[in-house]
Amino acid sequence: MEAALGLMRRMPPRHSETTLSALLSLLPGHSSDLLSQVDLPLQVLSDVDNGKKFILCEYNRDADSYRSPWSNKYHPPLEDAPYPSSKLRQLEIEANDIFTVYCEQYYEGGISSVYMWEDDNEGFVACFLVKKDGSKTGQGRRGYLEEGTWDAIHVIEVGPDEEVTRYCLTSTVMLSLTTDDVSSGTFSLSGSIRRQMNMNLPVADGHLSNMGKMIEELEGKLRNSLDQVYFGKTREMVCTLRPSNEVVQMRLPTS
C-alpha cells in the first residue's frame, strides 16, 4: 500500500487515472484505501438549472450523481440522496459566494465549488475546490501555455462548536503545464503536493473567516513550494545543461 501511494505521488496528474485503475486491478483488497487517499484531477459539469459550472469530486458524489452547490440538486437526479442540514446548507451557500470572489482575486477566473456535510463528531467537514484552465483556449488571460491546469483541493475538518474550535486542513495542489514556443520548443512540467495544517481558533470570528484564513495561508505556502521545487530546480537544470549564449561566450578561452 505504501509503495502504491508513493507511485501515485510521483506520477504526473494527467496519468493518475490510468495509474490508479492499474493499481486497483493489482490490489483489489486495498481499493477503498486507494480511492479515499488518492486525489485525481478535477472534472467539471454544468448545472442545467442555472447554467453555472461546478466541480465533481468524491465529496459531492452519491452513486453516479453529483450534487451542485448552486441549486443543491443532483445531476442526474437521484432519489434518497444525502443533503446537508438547512443550517449547514446556508453556510455552504455563503462559502460558495465568498470563494468565487477568492478565485477571481487569486486565479483571475476559474471554477470553484464548496461542499459541506456533517460528520460523526458533532462537527462538520468542508471541501473547497478550485480548477483553473490556463491554456490558450481556457480561462487563461495571457495565453502563454499550450496546456495548463491547476487543481486545488482543500478539505477542512471542523470540531464541535465551542469557544475555541479545532480546524484540521488538508490541502492538495496538482499542476500540469505544457508550452509550445518557437524559441524554446515543447516543454512539459507536472506534479502534485500535499500539506496539512491544524489550528485552534475562536468561533466568535466565524467559521468562514477561520477557514478562509487557513486556506489562504496554506495555499500561499504551497505556491511557494511549487515555485522553489518544480520551477526553481527545473530552471537550475536547464541553465546548467543549456547555458545562454552570453554564458558560453564568457567561458570560451580568449586568444
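Reader: Which residue forms a salt bridge with Glu219?
Author: Arg223, with the closest N and O atoms 3.3 Å apart. A salt bridge here is a side-chain nitrogen of Lys or Arg within 4 Å of a carboxyl oxygen of Asp or Glu. Bear in mind that this is a predicted model: local features need pLDDT of at least 70, side-chain atom pairs count only at pLDDT 80 or more, and totals for chains, interfaces and linings use all residues. Residues are numbered from 1 along each chain as its sequence is written, and side-chain values use heavy atoms, with hydrogens and water left out.
Reader: Where do Glu219 and Arg223 lie?
Author: Both are in helix H5, four residues apart, about one turn of the helix. Helices (H or I, at least four residues) and strands (E, at least two) are DSSP runs, numbered from the N terminus.
Reader: Is Glu219 buried or exposed?
Author: Buried, at 0% relative accessibility. Arg223 is partly exposed at 27%. The cut-offs: buried is under 20% relative accessible area, exposed over 50%, partly exposed in between (1.4 Å probe, protein chains only).
Reader: How many salt bridges does the structure hold?
Author: Eight. One of them pairs Asp151 with Lys131, at 3.0 Å, N to O. Asp151 sits in strand S8 and Lys131 in strand S7, so the pair ties together parts 20 residues apart in sequence. Asp151 is buried at 2%, and Lys131 is buried at 17%.
Reader: What about Asp49 and Lys73?
Author: Their side chains also meet in a salt bridge, 3.2 Å, N to O. Asp49 is partly exposed at 44%, and Lys73 is partly exposed at 45%.
Reader: Switching to packing. Which residues touch the most other members of the largest nonpolar core?
Author: Met116, Phe124, Phe128, Ile156 and Met211, out of 33 residues. A nonpolar core is a set of buried Ala, Val, Leu, Ile, Met, Phe, Trp, Tyr and Cys residues joined through side-chain atoms within 4.5 Å. Elements that each supply at least two residues include helix H4 (86-107), strand S7 (124-133) and helix H5 (207-241).
Reader: Last one. Which residues of H2 are buried?
Author: Ser16, Thr19, Leu20 and Leu23. The opposite face, turned away from the buried side, carries exposed Thr18 and Ser25.
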